[in-house]
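Welcome, and please take a look at the structure below. The report that follows walks through it step by step.

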Amino acid sequence: MNQTEIREGAVAFIAANNTMVIATANAEGIPQAATVHFLVDDQLNLYFATGKETTKAKNLAHNKHGAFVIGTGPKIITVQGGGKVEELTGVDLMASVGSIGKELFEKATKEWPVLKLGHTG
């Protein structure tokens, strides 16, 4: 497989899923992983919402980097990666998510911040 075929396969696999495991670490470096619902944009940035009082949100307040796994079974096929996580609000939020999940994020943002896990490569 060439790089284009690998990317196309990864995009199709990501689009076929709606949950991922996000891994974070606290200020002491202790890891934590949690399953979240997500959306993906054309640049393969992943968007998810989480409560401000969750362990992952507290961890991300200290360490903006996260890792993810999409595809947890039953087949052993996954897409894995990581990058910098940033909180999106107001205009930045709607500019970023656009039509990919406006209704979902309008509901989620009443209580939860929306976070963007940007790819690094």
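## How exposure is judged

A residue is called buried when its relative accessible area is under 20%, exposed when that value is over 50%, and partly exposed in between (1.4 Å probe, protein chains only). Lys64 has 40% relative accessibility, so Lys64 counts as partly exposed.

This is a predicted model, in which local features need pLDDT of at least 70 and side-chain atom pairs count only at pLDDT 80 or more, while totals for chains, interfaces and linings use all residues. Residues are numbered from 1 along each chain as its sequence is written, and side-chain values use heavy atoms, with hydrogens and water left out.

## The overall picture

Let us begin with the whole chain. The protein chain holds 4 helices and 7 strands; here helices (H or I, at least four residues) and strands (E, at least two) are DSSP runs, numbered from the N terminus. Read from the N terminus, the order of elements is α-β-β-β-β-α-β-β-α-α-β.

Of the 121 residues in the protein chain, 33% are buried. The accessible surface of the chain comes to about 7600 Å², and carbon and sulfur atoms hold 54% of that surface; such areas come from the Shrake-Rupley method with a 1.4 Å probe, and for residues only the protein chains shown count as cover. Contact means heavy atoms within 4.5 Å. Among contacts with a separation of 6 or more in the protein chain, 60% are between residues 24 or more positions apart.

## The helix at the start

Helix H1 covers residues 3-15, which is 13 residues. The expected span of a helix is 1.5 Å times one less than its number of residues. For H1 this gives 18 Å, and the end C-alpha atoms are 18 Å apart, which agrees.

Asn2 caps the N-terminal end of H1, with a side-chain oxygen 3.0 Å from the backbone nitrogen of Thr4.

## Strands side by side

Two strands pair if DSSP finds at least two bridges between them. S1 and strand S2 (residues 31-37) run antiparallel and are joined by 7 bridges. The hairpin of S1 and S2 has 5 residues between the strands, and Gly29 there takes a positive phi near 90°.

S1 also pairs with S5 in the antiparallel sense, over 3 bridges. Val21 has a bridge partner in S2, namely Thr35, and one in S5, namely Val69. S5 in turn pairs with S6 in the antiparallel sense over 6 bridges, and Gly82 in S6 is the bridge partner of Ala67. What lies on the covered and uncovered faces of S5? The covered face has Gly66, Phe68 and Ile70, and the uncovered one has His65, Ala67 and Val69.

## The nonpolar core

A nonpolar core is a set of buried Ala, Val, Leu, Ile, Met, Phe, Trp, Tyr and Cys residues joined through side-chain atoms within 4.5 Å. The largest one here has 12 residues: Ile14, Met20, Ile22, Val36, Phe38, Leu46, Phe48, Leu60, Phe68, Ile70, Val79 and Val85. At least two residues of this core come from each of strand S1 (19-25), strand S4 (46-49), strand S5 (65-70) and strand S6 (79-88).

In soluble globular proteins, nonpolar side chains tend to be buried together.

Thr24 sits in strand S1, and its 3% relative accessibility is why Thr24 counts as buried. Asn59 belongs to helix H2 and, at 6% relative accessibility, counts as buried. A polar contact of 2.9 Å joins their side chains; the term means a pair of N or O atoms within 3.5 Å, where within protein one must be able to donate a hydrogen and the other to accept it, and residues adjacent in sequence count only if both atoms are side-chain atoms. Leaving aside neighbours within four places in sequence, the contacts of Thr24 include Ile30, Pro31 and Leu60, while those of Asn59 include Ala25, Asn26 and Gln32.

Where is Lys64 found? Lys64 is in the loop between helix H2 (55-62) and S5. The C-alpha atoms of Lys64 and Thr24 are separated by 8.4 Å, although the two are 40 residues apart along the chain. Setting aside neighbours within four places in sequence, Lys64 is in contact with Gly83, Lys84 and Val85. The side chain of Lys64 also reaches the backbone oxygen of Leu60 at 3.3 Å.
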